[in-house]
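Please keep the sequence and the structure at hand while reading.

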Amino acid sequence: MSAKINGFDEKNQRISTQQLLQQIYASLEAGKTEFEILSSGHHNIGGPLWTEDGSPLKFRVKNPGQRVGSFGLEGTEIVVEGSAPADAGWLNAGAELTILGDGGDTTAHCAAAGKIYVAGRVGTRSGSLMKHDPAYDAPEFWVLKRTGSFCFEFMGGGIAVICGHGCEEMHSILGNRACAGMVGGTVYVRGPVKGLSDDVWMLDLDDSDREFLASGMPTFLDKIGRKNLLKELTDFSEWKKIVAKSLAERKVHSRITMHEFRTQKWVEGGIFGEIIDDDYLNVNGLVNTGAGRLKLPRWQDKRFGAPCQVACPSNIPTQDRINLLRQGKHEEALQLVLKYSPFPASVCGEVCPNPCMDACSRQYVDKSVSMASLGRLSRDIPAPEAAPATGKKIAIIGGGPGGLSAAWQARLAGHEVAVFEADEEVGGKLRQVIPSDRLPEDSLQSEIRRIKDLGIDIKANTPVDAELFAQIRENHDAVVISSGAHNPVVIPFPGHERLIKGLDFLKQVNSGQKPKIGKRVVVIGAGNAGMDTCLGAYAMGAEKVIAIDVQRPAAFQKEIDHVKALGGEVRWPVFTEKITEQGLITKDGELIEADDVIISIGERPDLSYVPRDWLTERGMMDIDDCGQVRKAPGVFAIGDTTQPGLLTHAIGQGQEAISYINDLLNGKELKPIVKPEMINQACLSKELFKPRNRGKLCITDGKEETLRCISCGTCRDCSMCLEACPEGAIRRQDKDDGSFEYISDDDICIGCSLCAGICPCGVWAMEQLV
């Protein structure tokens with residue numbers, strides 16, 4: 001009488017384990033004794049079950065879950081078609097379990113009776129805690145192939161047979177650390193065995209062992225359908241048995257000699273055998289030089305990037321700039337930054353949120369190095385000399401920060417550069433929308449004048465359309481698209497026609513048009529542009545400005561603080577329902593009274609001058625990992641034409657675009673620029689720096705930062721390593737190019753690590769000698 005149990009309902013949805021077991025119980029109550037079960041990871045199939053009249057139970061299971069056959073009782077037969085997961089046969093109490101595939105971890109765990117047959121291999125800790133009650137037959141556990149590691153831990157009784165079929169080339173068919181804590185039972189093994197616990201013996205078979213295997217093997221192979229292997233597996237010359245040591249044998253300890261330790265424990269087969277090779281010849285002393293050291297010092301100047309440099313989107317190596325200032329090379333230091341950005345004063349010194357300062361290691365001592373004051377030092381420094389003319393022509397579409405950065409880099413590289421700008425003057429949003437109290441006009445004008453003086457052809461009042469773009473592309477060797485994002489995003493909720501577009505408003509403010517604005521103003525959007533809009537509203541006469549956002553404001557805290565200092569409010573989360581003559585109504589029904597509502601939630605680029613198939617689905621330039629337009633070799637795109645970002649992102653991308661163009665024009669393969677790996681803070685000896693009182697610390701002159709900068713990852717030439725080395729193994733060596741290096745003499749160095757410990761910059765590192 002067979003019952004078919006399905007682990008899925010009429011909608012082909014998996015039922016719970018409880019529901020499936022209840023079906024089995026109901027069928028058993030109805031007199032069924034044979035079960036065909038289609039499972040889907042259901043647990044505990046096959047036990048503990050019995051019939052009132054003692055009739056045997058038979059289960060045939062597909063896709064079981066954990067603990068199939070657990071607590072299985074005598075008279076129960078379970079066949080798993082395929083493999084079984086963990087805990088198969090757990091606490092088996094008499095059932096016969098056959099797995100026609102592999103068994104998972106802890107197969108036969110705690111088995112106390114019955115038989116378990118596995119047609120493949122079994123996982124970790126299988127056979128652990130097997131036991132034998134002398135009142136019953138011992139449990140048997142037969143495996144055709146091998147086990148995972150830690151098998152037969154704390155085995156107290158029973159019999160296991162591991163046939164090792166197909167595993168003859170393995171390191172060990174019992175994995176690692178088999179039979180640890182074993183106190184009883186027998187494990188028969190065929191094949192290589194390594195790493196056995198010291199708690200057991202591995203012995204040859206005697207006649208009773210051969211008789212047991214000869215009588216049980218045919219049954220096992222028949223159960224798993226592999227009778228053809230009988231001759232192979234009954235060659236008992238290949239078999240061994242593992243038995244537990246007696247208590248008396250465990251208590252016997254003998255002390256081995258140092259030679260035995262080195263040859264038996266330290267090398268192959270020992271706890272260090274896989275990682276240490278011994279030549280059996282030399283024994284090192286406690287203090288060694290040369291190859292006898294455990295660790296070797298390595299001077300790794302600039303192997304890792306300083307946190308400020310890695311965090312800076314414009315890639316400026318501030319630690320190098322400060323090192324030059326420390327050496328008294330002021331002009332060289334202030335010109336260094338111009339190799340990376342034409343806007344050290346306007347952007348770094350005024351409007352950048354300075355992610356470099358957020359990453360600065362000095363913050364863990366007192367306060368971050370003042371990058372803004374350092375940037376302002378380079379405001380009036382003349383431009384570096386451009387490289388000799390290359391004869392190549394580069395076109396830049398858009399004269400914002402990113403475009404001018406690209407133009408600057410291209411001109412320094414010796415190319416002829418033309419910038420096509422739709423507005424009457426270059427500068428982009430730096431000039432058009434940032435309030436003058438955030439960016440002094442004389443600072444920006446000074447740096448734009450420096451860019452023009454380098455010999456860049458500025459074509460102002462020249463909007464680019466498709467026809468002109470085609471001509472530009474034809475007449476230039478490479479093109480950089482950096483036209484920015486100037487189309488304000490407007491949400492079409494009711495009354496949106498009453499909205500003032502934030503970008504247009506700020507452009508009017510900065511151009512001196514003095515747009516009229518009401519006394520009460522609401523700004524939708526609390527990002528940095530939203531805060532600039534609030535400042536613009538106050539500058540135009542607003543008396544109360546409220547900025548709202550649907551999420552935590554994205555503006556930097558100093559921008560929010562600036563608005564609040566003027567009496568402004570920042571509220572979130574606030575969701576707009578509609579705009580009316582009275583002001584803004586939220587989805588909660590609240591009226592926020594306003595004479596004018598300005599929306600400032602972002603802008604989108606106008607890229608109508610390029611072919612549509614150059615764009616992504618979101619209307620941005622579709623570029624590869626090197627910033628090159630995928631469908632237009634020689635055309636690169638940066639800044640807000642690819643994705644929204646900070647001004648400093650656009651400046652860094654302009655710098656990188658010209659680096660790629662230089663490679664392209666020189667016939668080199670383009671490869672993505674990879675930033676240096678940031679140095680780990682644990683490598684720096686910050687405790688060597690004396691903290692200054694944070695409350696009194698006010699840096700106005702960037703030159704004052706020469707003593708505070710830790711110079712992360714870059715040697716500051718302090719000679720502390722040379723002075724601290726107890727063996728005098730370190731020397732400083734000047735190089736022909738004017739640089740220097742510190743060298744450790746391997747014949748003198750004892751690998752004590754003092755140089756690495758004393759180095760404030762993390763330049764010295766200890767390399768493990770293998």
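## Charges over rings

In this predicted model, the charged end of R303 sits over the ring of F304, at 4.2 Å from the ring centre.

## Aromatic pairs

The model contains 12 aromatic pairs. One of them joins F35 and F59, whose rings are stacked, with 4.8 Å from centre to centre and 10° between the planes. This pair links distant parts of the chain, since F35 belongs to strand β2 (residues 34–38) and F59 to strand β3 (residues 57–62), and the two residues are 24 residues apart. Both F35 and F59 are buried.

Y117 and F220 form another aromatic pair, this one tilted, with the ring centres 5.7 Å apart and an angle of 35° between the planes. Because Y117 lies in strand β6 (residues 113–118) and F220 in helix α2 (residues 207–224), the pair ties together parts of the chain that are 103 residues apart in sequence. Both Y117 and F220 are buried, and both belong to a cluster in which ring pairs link Y117, W142, Y188, F212 and F220.

## Strand pairing

Strands of a sheet pair through backbone hydrogen bonds, and the pairing is either parallel or antiparallel. In this model, five strands form an open sheet in the order β18-β25-β19-β20-β21, with parallel pairing. The edge strands of the sheet are β18 (500–501) and β21 (569–571), each of which pairs on one side only. Strand β18 is joined by two bridges to strand β25 (residues 596–599), and these two strands run parallel; within this pairing, I500 stands opposite I598 in β25.

An antiparallel arrangement is found where strand β28 (residues 730–734) is joined to strand β29 (residues 740–744) by five bridges. D734 has F740 in β29 as its bridge partner. The strands β28 and β29 form a hairpin with five residues between them, and in the turn G738 has a positive phi of about 95°.

Rolling a probe the size of a water molecule over the atoms shows where empty space is left. For this model the count comes to four cavities of 30 Å³ or more, and the largest cavity has a volume of about 120 Å³. The largest cavity is lined by 13 residues, of which C312, I316, C348, C356 and M371 are the closest to its centre.

The helices α7 (318–326) and α10 (355–359) each supply at least two residues of the lining of the largest cavity. Sorted by class, this lining consists of nine nonpolar, three polar and one charged residues.

T234 is found in the loop between α3 (230–233) and β11 (239–244).

Definitions and conventions:
Residues are numbered from 1 along each chain as its sequence is written. This is a predicted model: local features need pLDDT of at least 70, side-chain atom pairs count only at pLDDT 80 or more; totals for chains, interfaces and linings use all residues. Side-chain values use heavy atoms; hydrogens and water are left out. Helices (H or I, at least four residues) and strands (E, at least two) are DSSP runs, numbered from the N terminus. On a 1 Å grid over the protein atoms alone, a cavity is a set of points where a 1.4 Å probe fits but cannot get out, and a pocket is an open set with protein on both sides within 12 Å along at least five of seven lines; lining residues have an atom within 4 Å of a point. Grid points are joined across faces, edges and corners, and a volume is the space filled by probe spheres set on the points. Ala, Val, Leu, Ile, Met, Phe, Trp, Tyr, Cys and Pro count as nonpolar, Asp, Glu, Lys and Arg as charged, and the others, Gly among them, as polar. Two strands pair if DSSP finds at least two bridges between them. Rings of Phe, Tyr and Trp (its six-membered ring) pair if their centres lie within 6.5 Å; planes under 30 degrees apart count as stacked, over 60 as edge-to-face and the rest as tilted. Buried means under 20% relative accessible area, exposed over 50%, partly exposed in between (1.4 Å probe, protein chains only). A charge sits over a ring if NZ of Lys or CZ of Arg is within 6 Å of the ring centre and within 35 degrees of the ring normal.
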